[in-house]
Amino acid sequence: MSHDVALPGAAAPIDEDLAVSSARAAVRRRKLTVTGVRLLLVAVWLGSWELSATYLIDPFYYSKPSAIWGKLVAWFTQTTAFGSIWTQISYTLQEAVAGFALGGVAGVLLGIVLGRSRFVADVLAPFIKAANAIPRIVLASLFVIWFGLGMSSKIATAFILVFFAVFFNAFQGAREVDRGLVNNARILGAGRAQILWTIVVPSATSWILASLHSAFGFAIIGAVVGEYSGADKGLGLLINNAQGTFDSAGIYAGMIIITVIALVAEWLLTLLERRLLRWRPAASGSHDVQI
Amino acid sequence: MIELVGATKRFRSASGGVHTAVRDLDLTVAAGEFVAVVGPTGCGKSTTLSLVSGLEPPSHGRVAVNGREVTGIPDGVGYMFQADAVLPWRTVLDNVALGPRYRGATTSDARDRARDWVGRVGLGGFEDYYPHQLSGGMRKRVALAQTLVNEPRILLMDEPFSALDVQTRGLMQAELLRLWSGTGAAVVFVTHDLEEALVLADRVAVMTAGPATVKQVFDVRLPRPRDAEEIRLTSDFLDVYREVWESLREEVQITRERMSGRVA
């Protein structure tokens, strides 16, 4: 454990430099090792899948990495059963983004209003609880009847999933505003609207942003499930069609595209979060490491 | 300037009973006067301030500021809370600019006034820092500037320095005296630290163990301007200290016995 060695004072600065550079090198080496082990894991996983699908199990049910890759290449270089892959992606993305934006705005607004008004919150509490208990994914079927096979029924499904995720967090955030901050603002001369805008909204922001991460995932789920229930374009339709034709590689390929979209969205949201919450102390990840 | 006559404040406690925080409290504070309120911990000192600030209405009795009954938050009142009340998502400058902004000043005007006060409390150069980047003492300076930028005629302070270490506390007391002198503002300073009370105040009101009421009021005849660090060592200071402590000690004793009774 103890590497401290009593050094004469004059030698200390040189030793300091040495320690810093060797610490940096250690960090780099560690990063490289972590990445290397990750790549190894993926290689082992895909390799064993490929091998067992070739020699042991039936690739008709389980597919195999090379077939999935072939499917992706075919989709992107040629076309899918329903036209260009980009059309499908943009269709699903538009539904998800629209549902996310509408659901997010509605959730934040209603959450904050209810969080600040005890009376309305008390009146509506049982209804909200009931609405939250409904398996909302079932509503996708209803929305197809209401809004038809076009985009709007998928937007509605994404909306309803996003809304509840965001609403509960905004509600909680608006409720847990520090009373001291509100009193201080009142003494400083703030009116109700000013308190809402300068105290309540910013303190609820970290709660709301936390919910937006999972909410975008919900938006994609809503759009894709909506497309399952009936659509003429979209990734969900592609997957549903693959299921109908026993094309397991197609299901995996669709899954991979959706995963990539979700990861990109997650990254964008993290950027937004950093921008909005730069007043917060740095996360506790950057602790000292012993050399 | 501030007048409390027979003020009583009761709260409904969580268990359904009634808790009397302040009972029949009489206290007057004149313009430009610095009054410290000392009493045992948890006796209801803070409640006195929330009555004057208009944050809580009294259950009985009369609370008046500038001769007018307190119904909302009176004009010209500043209140420094015990806990940090600076907004963590605003920079030092924007925190101090809050008061003028709330009162309808333009952003640039509010910022100019804020910049002046940030400098006056000794935080020049830290305008663009966020509160979490500052030390506890510096955050108190921000809170002080935030309160003083509104140029209050009445300054209410609720144990503002109690969370600070001893050296920083002494420094902040000196800063407060420096900033207050010449403003002509009336100050009500609540603390459980008798030394702090005597360093700062013209008069010290000793409160009884809860429910709080004024037990005795002492004049502190120490010359001004005072050196917050040096004055504690003078014999005059020790004389007043002994006199007031005699009165305060009984109340502290009562509180201690109640506490130990609850523990046992």
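**Figure 1. Surroundings of G99(A) in the predicted model.** With 29 C-beta neighbours inside 10 Å, G99(A) is classed as buried; a residue is buried if 20 or more other C-beta atoms lie within 10 Å of its own, exposed if 12 or fewer, and partly exposed in between, with C-beta atoms placed from the backbone. The model is a predicted one, in which local features need pLDDT of at least 70 and side-chain atom pairs count only at pLDDT 80 or more, whereas totals for chains, interfaces and linings use all residues. Residues are numbered from 1 along each chain as its sequence is written, and chains are lettered from A and ligands numbered from 1 in the order in which they are written. G99(A) belongs to helix α4 of chain A; helices (H or I, at least four residues) and strands (E, at least two) are DSSP runs, numbered from the N terminus. Beyond its neighbours within four places in sequence, G99(A) is in contact with I155(A), A158(A), F159(A), V162(A), A219(A), G222(A) and A223(A). Two residues are in contact if their C-beta atoms, placed from the backbone, lie within 7 Å. S22(A), 77 residues from G99(A) along the chain, has its C-alpha atom 51 Å from that of G99(A).

**Figure 2. Helix α3 of chain A and its buried side.** The expected span of a helix is 1.5 Å times one less than its number of residues. I68(A), K71(A) and W75(A) are the buried residues of α3(A). These residues cover an arc of only 55° around the axis and therefore lie on the same side of α3(A); the arc is that of the directions from the helix axis to the C-beta atoms. The buried residues pack against α4 and α11 (248-276) of chain A. V73(A) and T77(A), on the other side of α3(A), are exposed.

Figure 3. Chain A has a mean pLDDT of 87, and 92% of its residues reach 70 or more; pLDDT is the predictor's confidence in each residue, from 0 to 100. Among the elements of chain A, helix α4 (residues 85-116) has the highest mean pLDDT (94) and helix α2 (residues 59-62) the lowest (86). Over residues 4-10 of chain A, pLDDT stays under 50, and the model has 2 contacts beyond four places in sequence for them. Chain A is divided into domain 1 (11-57) and domain 2 (65-276), with bounds from an automatic or database domain assignment. The centres of these two domains, taken over C-alpha atoms, are separated by 35 Å.

Figure 4. All 5 of the 5 residues of β3(B) (residues 34-38) are buried. F34(B), A36(B) and V38(B) point one way from the strand, and V35(B) and V37(B) the other way. In a regular strand the side chains alternate between the two faces of the sheet. β3(B) runs parallel to β8(B) (residues 186-191), to which 5 bridges join it, and pairs in the parallel sense with β9(B) (residues 203-207) over 4 bridges. Two strands pair if DSSP finds at least two bridges between them. V37(B) has V190(B) as its bridge partner in β8(B) and stands opposite A205(B) in β9(B).

Figure 5. The 15 residues of α6(B) (residues 166-180) reach 21 Å from first C-alpha to last, close to the 21 Å expected at 1.5 Å a residue. Its buried residues are R169(B), M172(B), Q173(B) and L176(B). Seen down the axis, the buried residues of α6(B) fall within an arc of 105°, so they line one face of the helix. Their cover includes α5 (136-148) and α7 (194-200) of chain B. G182(B), with a positive phi near 90°, follows α6(B). In chain B, 10 residues of domain 1 are in contact with 7 residues of domain 2. To the side of domain 1 that touches domain 2, α6(B) gives the most, with 5 residues.

**Figure 6. Backbone exceptions in loops of chain B.** Most residues other than glycine have a negative phi, and most peptide bonds are trans. E151(B), in the loop between α5 and β7 (154-158) of chain B, has a positive phi near 50°. E151(B) counts as partly exposed, with 13 C-beta neighbours inside 10 Å. E159(B), in the loop between β7 and α6 of chain B, has a positive phi near 40° and is buried, with 20 other C-beta atoms within 10 Å. The peptide bond from R224(B) to P225(B) is cis, with omega near -5°; P225(B) lies in the loop between β10 (214-219) and α8 (235-263) of chain B.
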